[in-house]
Amino acid sequence: MPVAVNILPFDVNALSVFLAVCEHGSMASAGRALGITQPAVSQSIADLESRIGATLFDRSVRPLALTASGMVLRQYAGNLVADMHQMSGRLRDMQRGRVSHLRIGIVDSLSRALLQEAAAFLGDRTEHLVVLAGLTESHAAALLARKIDFIVGVDDLEDVPGLERWPLFEEPYVLVCPGAVAPPTDRDSLAQLLTEMPFVRFSLRSRSGTEIERFLRRMRIEVPFGQEFDLPTGVLAGCLNGGVAISTPLCLREAGYGPEMGLAVHPLPISGFRRRMTLVARRREFGRLPLDLAETLRKSLKERSLPSLVDQFAPFASTMHVLD
């Protein structure tokens, strides 16, 4: 059974004409202000009165006086027209990639690399920007709950419908240990190293932490639990205290790693264990803004972050990539 649709007895243009007559006191003056003829104003008002079924102006006096129905309409018409103009402006902004309010979550290990560029780009595209740093897992939950709009973090949410995803950067997981420790050459020597020395973990609240645990299970390496940290700075601190960890170049850079610390960064003896960073947004809600942001972040990673990472972690240069 078809659903009945209530057709409103006016449109925005008719209300704008009505408000102009209210303001200027005559249809001729309203026409001059609007840039249309007086007959066009009269016809618009007559059509509006016909559709409403009530007389809006007392035409027996000069300037025109509102009837009771006209006063009621004027009371609401101003806000309606203002809201429609605001809506129209917002829609035009969306077409140009600009929004009034945006909430974005950036994983901690990318904060140092991307926050300045992200804030500069979005400062020109948003009136109110909220940037939240933290763990990918908490950002992903907030995105699905519509508490934030974009996330930039470890590749996630592949199977969730209604999302758009733009890959940004790929890097290897690496082994961080005291400088005097020889690099492991196979699975067994890696297992021996991780069980004989204190293993410093990323917490399982983090996406990197769960990926590392999955990697260890896949390699059938059981490592006793000791210290675990949410942040790259904590993992690096554990290594400076004599521990070993699995981390990434971006995480180490975010934590302030330097060669003067006396640590060694070695490749894992099992190749192919990588971390991918991705921009994720809700589909079709923000026009081309997510794509423009992704392209801006890729450009920053390629021109600023990647060269410094290659200088600092030269043995891993061929395994760090900005993704298109």
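The model on screen is a predicted one.

**Helix α2**

Step back from the glycine and select residues 27-34, which make up helix α2. The buried residues here are Met27, Ala30 and Gly31. Turn the view to look down the axis of α2: the buried residues fall within an arc of 100 degrees, so they line one face of the helix. An α-helix has 3.6 residues a turn, so residues three or four places apart point the same way. Now show α1 (12-24) and α3 (38-52), which are among the parts that cover the buried residues of α2.

**Strand β6**

Move on to residues 163-172, strand β6. Eight of its ten residues are buried, so the rest of the structure largely encloses this strand.

**Aromatic pairs**

Next, show the aromatic side chains. The whole structure contains five aromatic pairs. Start with phenylalanine 150 and phenylalanine 286: the ring centres are 5.1 Å apart and the planes stand at 85 degrees, so this pair is edge-to-face. Phenylalanine 150 belongs to strand β5 (residues 150-154), while phenylalanine 286 is in the loop between β12 (274-282) and α11 (289-312), and the two are 136 residues apart. Both phenylalanine 150 and phenylalanine 286 are buried.

Go to tyrosine 257 and phenylalanine 313 for a stacked pair, with 5.6 Å from centre to centre and 20 degrees between the planes. Tyrosine 257 is in the loop between α10 (249-255) and β11 (263-267), and phenylalanine 313 is in the loop between α11 and β13 (321-322), so the pair ties together parts 56 residues apart in sequence. Tyrosine 257 counts as buried at 10% relative accessibility, and phenylalanine 313 is buried too, at 2%.

Select Tyr173, Phe215 and Phe273 together to see a cluster linked by ring pairs.

**A charge over a ring**

For the last stop, select arginine 201 and phenylalanine 225. The charged end of arginine 201 sits over the ring of phenylalanine 225, at 3.8 Å from the ring centre.

Terms used:
Residues are numbered from 1 along each chain as its sequence is written. This is a predicted model: local features need pLDDT of at least 70, side-chain atom pairs count only at pLDDT 80 or more; totals for chains, interfaces and linings use all residues. Side-chain values use heavy atoms; hydrogens and water are left out. Buried means under 20% relative accessible area, exposed over 50%, partly exposed in between (1.4 Å probe, protein chains only). Helices (H or I, at least four residues) and strands (E, at least two) are DSSP runs, numbered from the N terminus. The arc is that of the directions from the helix axis to the C-beta atoms. Contact means heavy atoms within 4.5 Å. Rings of Phe, Tyr and Trp (its six-membered ring) pair if their centres lie within 6.5 Å; planes under 30 degrees apart count as stacked, over 60 as edge-to-face and the rest as tilted. A charge sits over a ring if NZ of Lys or CZ of Arg is within 6 Å of the ring centre and within 35 degrees of the ring normal.
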